[in-house]
Amino acid sequence: WRCCLPVEGTVALLEILTGDKIFDRFTWDHVLQEDGDGGKVVLCQRKHDVQLVGRDAAPRFVLKMRSKASLAQEESRYREVQLGVFNMTVHPGVGYYHEFLEDQRFFYILLQYGDGGPLIQ
């Protein structure tokens, strides 16, 4: 994994190096949403956390995968917007972005998982 676009005091994009896979870092078995363009949203855990404290105690996250092919010519704009959102001031009513990753085919956004029920009732 390599950090790209580092700016002091901000979150940067992590690039998945050739040969590394998203499965090397995360494990998931529940798909929350799947798009026709190969994108999906999954409930996941970091493999490192699972190894340290066990599957039941490891924190859960939401991992959003966005296909670069689905973005056509908007790839650099998508990257710019996501980095902007990542570096916004934290607000108690908004979920936390943990990581923004990229490989040759996808962007990955790791988000805080809230299991307190639906947001809208």
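# Briefing: charged pairs, cores and strands

The side chain of E102 makes a polar contact with the side chain of K68, at 2.5 Å. A polar contact is a pair of N or O atoms within 3.5 Å; within protein, one must be able to donate a hydrogen and the other to accept it, and residues adjacent in sequence count only if both atoms are side-chain atoms. This is a predicted model, in which local features need pLDDT of at least 70 and side-chain atom pairs count only at pLDDT 80 or more, while totals for chains, interfaces and linings use all residues. Residues are numbered from 1 along each chain as its sequence is written, and side-chain values use heavy atoms, with hydrogens and water left out.

**Confidence**

- pLDDT is the predictor's confidence in each residue, from 0 to 100.
- The protein chain averages a pLDDT of 76, and 69% of the residues score at least 70.
- Helices (H or I, at least four residues) and strands (E, at least two) are DSSP runs, numbered from the N terminus.
- Over residues 1-10, pLDDT stays under 50; the model has 23 contacts for them beyond four places in sequence. Contact means heavy atoms within 4.5 Å.
- Where pLDDT is low, the predicted coordinates should not be read in detail.

**Salt bridges**

- Side chains of opposite charge can pair when their charged atoms come close.
- A salt bridge is a side-chain nitrogen of Lys or Arg within 4 Å of a carboxyl oxygen of Asp or Glu. The count by this rule is 6 salt bridges.
- E99 and R25 meet through their side chains in a salt bridge, 2.8 Å from N to O. This pair links distant parts of the chain: E99 sits in strand 6 (residues 97-102), and R25 in the loop between strand 2 (13-15) and strand 3 (26-34), 74 residues apart.
- E99 is buried, at 7% relative accessible area, whereas R25 is partly exposed, at 23%. The cut-offs are under 20% relative accessible area for buried and over 50% for exposed, with partly exposed in between (1.4 Å probe, protein chains only).
- A network of salt bridges links R25, R46, D49 and E99.
- K68 and E102 also form a salt bridge, 2.5 Å from N to O. Here too, distant parts of the chain are linked: K68 is in the loop between strand 5 (61-67) and helix 2 (75-86), E102 is in strand 6, and 34 residues separate them.
- K68 is buried, with a relative accessible area of 10%. E102 is buried as well, at 9%.
- E34 and K40 make another salt bridge, at 3.8 Å from N to O. E34 is exposed, at 55% relative accessibility, and K40 is partly exposed, at 22%.

**Nonpolar cores**

- A nonpolar core is a set of buried Ala, Val, Leu, Ile, Met, Phe, Trp, Tyr and Cys residues joined through side-chain atoms within 4.5 Å.
- The largest nonpolar core has 12 residues, among them I22, F26, W28, V42, M65 and Y108. Strand 3, strand 4 (40-46), strand 5 and strand 7 (106-112) each give two or more residues to this core.
- Another core lies apart from the largest one; this core has 9 residues, including Y78, F107, I109 and L111.
- Not counting residues up to four places away in sequence, V42 touches W28, H30, V31, L32, F61, V62, L63 and M65.

- V41 lies in strand 4 and is buried, with a relative accessible area of 17%.
- Leaving aside neighbours within four places in sequence, V41 is in contact with V31, L32, Q33, V62, L63 and K64.
- V41 and Y108 are 67 residues apart in sequence and 9.5 Å apart in space, C-alpha to C-alpha.

**Strand pairing**

- Two strands pair if DSSP finds at least two bridges between them.
- Strand 5 and strand 7 run antiparallel, joined by 7 bridges. M65 stands opposite Y108 in strand 7.
- Strand 6 and strand 7 pair in the antiparallel sense over 5 bridges. F100 has I109 in strand 7 as its bridge partner.
- Strand 6 and strand 7 form a hairpin, with 3 residues between them.
- Strand 7 is largely enclosed by the rest of the structure, because 6 of its 7 residues are buried.
- In a regular strand the side chains alternate between the two faces of the sheet.
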